[in-house]
Amino acid sequence: MHNPALAALGLDWRYLACDVHPDRLRDAIAGAQAMKFIGLNLTLPHKLLAVDIVDELDASAKTWGAVNTVRFEAKDASGAWQPLAKLNPDDIGELRSHGFNTDADAITRSLREDLGFEPRGASVLLLGAGGAGRTAALKLASEGVGSLFLVNRTTSKAEEVAAEIRTRFPSVRAHAGWPDADVDLALNSTSLGLKPGDGSPLDEAKFPLRRARAVYDMIYRPAETPLLRAAKAAGCKVANGLGMLLYQGTKALEIWTGQPAPVELMRAALLKDVYARA
Ligand SMILES: NC(=O)c1ccc[n+]([C@@H]2O[C@H](COP(=O)([O-])OP(=O)(O)OC[C@H]3O[C@@H](n4cnc5c(N)ncnc54)[C@H](OP(=O)(O)O)[C@@H]3O)[C@@H](O)[C@H]2O)c1
């Protein structure tokens, strides 16, 4: 999605994927900085490691405890730090790395746009308490969700996230376990459904899908997971995680370029690439 967007913005940049061992992440970020890269995206486990590596953390990275976007910056003539995109390459002296998180905003933006889901006062069943699950739980809590029910294979992790929510957002009712009433949203943040033959992450004996008004699966490939198939059959409104992927990317592009992202062009590029749709 980034390369077509860069072309549309008339930028002579390229977005590349590089495989980096976690032990070499510090070297990789320093190397990219030395080569005057504009920025980077990071995926797990680098998102957590980078928090202690980058020179500066944006409020978004501090709040969610993870960095998925790095912007390299240099000082302008007045001594203020500026994105490299705003500087003449010949004038670049001292450099620094600035870490951001665009994942959390992408979750709620996609829930709003793809499902019409409004977090304030809503009740949510969240399946999974890994990196993406924790971020979703904290972001929903920060937007005033009413009740949050956390279910995870490793129960202790759901309990830890519930405890963190209660400490940071005391007005949210956060509970590790299945809901005792209908919910506005069931949100899958487990990786169950990624692989062919995977089952659903939701145990319908514990919570029937018809009791969820809407179901969101962070997985976007396959486009329809067993959870989404069952949710559709149960009459729920459904969406997969493509919007989340899209919006973390559009925000990162805006951080690097300082320009509005061509969202629809990026969505079309993603659909083509992920689902081979024309
Ligand atoms: N759409 C997007 O842009 C986007 C962005 C980020 C992530 N995701 C998706 O979100 C999912 C989670 O990502 P993550 O970064 O949070 O990964 P993670 O930190 O590794 O967490 C994985 C989660 O899945 C659970 N899990 C794994 N295998 C399971 C199984 N066989 N049965 C039940 N639960 C299982 C884990 O439970 P335990 O704690 O018990 O191990 C944990 O809750 C992945 O599918 C990923 O593709 C999508």
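**The domain interface**

Analyst: The C-alpha centres of domain 1 and domain 2 lie 28 Å apart. Domain 1 consists of 2-101 + 244-275, and domain 2 of 105-240; these bounds come from an automatic or database domain assignment. The model is predicted, so that local features are reported only at pLDDT of at least 70 and side-chain atom pairs only at pLDDT 80 or more, while totals for chains, interfaces and linings use all residues. Numbering starts from 1 along each chain as its sequence is written, and side-chain values use heavy atoms, with hydrogens and water left out.

Where the domains meet, 11 residues of domain 1 are in contact with 16 residues of domain 2, contact meaning heavy atoms within 4.5 Å. The two domains bury about 1400 Å² between them, with 61% of it on carbon and sulfur atoms. Buried area here is the accessible area (1.4 Å probe) that two parts lose on being put together, summed over both. Of the area that domain 1 buries against domain 2, 55% is supplied by Trp64, Met244 and Tyr247, more than by any other three residues.

Zero salt bridges are found by the rule across this interface; the rule requires a side-chain nitrogen of Lys or Arg within 4 Å of a carboxyl oxygen of Asp or Glu. Polar contacts do occur: seven residue pairs, both members at pLDDT 80 or more, connect domain 1 and domain 2 in this way. A polar contact is a pair of N or O atoms within 3.5 Å; within protein, one must be able to donate a hydrogen and the other to accept it, and residues adjacent in sequence count only if both atoms are side-chain atoms.

On the side of domain 1 that touches domain 2, helix H4 (59-64), helix H9 (242-257) and helix H10 (263-275) each supply at least two residues. Helices (H or I, at least four residues) and strands (E, at least two) are DSSP runs, numbered from the N terminus. H9 gives the largest share of that side, five residues. By class, the side has seven nonpolar, three polar and one charged residues. In this scheme Ala, Val, Leu, Ile, Met, Phe, Trp, Tyr, Cys and Pro count as nonpolar, Asp, Glu, Lys and Arg as charged, and the others, Gly among them, as polar.

The ligand is surrounded by 21 residues, the closest being Ala132, Asn152, Arg153, Thr154 and Lys157; a residue is counted if one of its heavy atoms lies within 4 Å of the ligand. An oxygen atom of the ligand is 2.7 Å from a polar backbone atom of Ala132. For Ala129, the distance from a polar backbone atom to a ligand oxygen atom is 3.1 Å, and for Thr190 it is 3.4 Å.

Two cis peptide bonds may be noted in loops. One joins Leu44 and Pro45, with omega about 5°, and Pro45 is in the loop between strand E1 (39-41) and helix H3 (46-49). Another runs from Arg221 to Pro222, with omega near 5°; Pro222 is in the loop between strand E10 (212-217) and helix H8 (226-233).
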